[in-house]
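Student: I'd like to learn how to read a model like this one. Could you walk me through it?

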Amino acid sequence: MSGIRVAMHKAYGEKQKIISMPPPKRVYIPLSQHTGKPAIAIVSAGDTVQKGQLIGEAG
């Protein structure tokens with residue numbers, strides 16, 4: 001067998017409660033990926049956007 005075998009460390013996490021995190025005040029979403037044209041932003045830097053709002057279109 002090849003590759004790396006990583007030890008499983010579940011003992012700590014399996015006994016912890018799942019908590020909800022507050023949404024971040026600011027996020028960075030790149031509109032380009034490693035291939036193809038970058039998306040065209042349809043919102044401006046600093047705009048407040050809502051969950052599910054379109055922020056870019058295909059270039």
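**Pocket, fold and surface**

Tutor: Start with the largest pocket: 21 residues line it, and those nearest its centre are Val-27, Ile-29, Gly-46, Asp-47 and Val-49. This is a predicted model, where local features need pLDDT of at least 70 and side-chain atom pairs pLDDT 80 or more, while totals for chains, interfaces and linings use all residues. Residues are numbered from 1 along each chain as its sequence is written, and side-chain values use heavy atoms, with hydrogens and water left out.

Student: What counts as a pocket, and what volume does the largest pocket have?

Tutor: Rolling a probe the size of a water molecule over the atoms shows where empty space is left. On a 1 Å grid over the protein atoms alone, a pocket is an open set of points where a 1.4 Å probe fits, with protein on both sides within 12 Å along at least five of seven lines; lining residues have an atom within 4 Å of a point. Here the largest pocket has a volume of about 690 Å³, meaning the space filled by probe spheres set on points joined across faces, edges and corners. Its lining divides into 12 nonpolar, five polar and four charged residues (Ala, Val, Leu, Ile, Met, Phe, Trp, Tyr, Cys and Pro are nonpolar; Asp, Glu, Lys and Arg charged; the others, Gly among them, polar).

Student: Is Ile-19 buried or exposed?

Tutor: Buried means under 20% relative accessible area, exposed over 50%, and partly exposed in between (1.4 Å probe, protein chains only). Ile-19, in the loop between helix 1 (10–13) and strand 1 (40–41), is exposed at 59%.

Student: Which side chains meet in a salt bridge?

Tutor: Side chains of opposite charge can pair when their charged atoms come close. The criterion is a side-chain nitrogen of Lys or Arg within 4 Å of a carboxyl oxygen of Asp or Glu. Glu-14 and Lys-15 meet that way (4.0 Å, N to O), and both are exposed.

Key. Helices (H or I, at least four residues) and strands (E, at least two) are DSSP runs, numbered from the N terminus.
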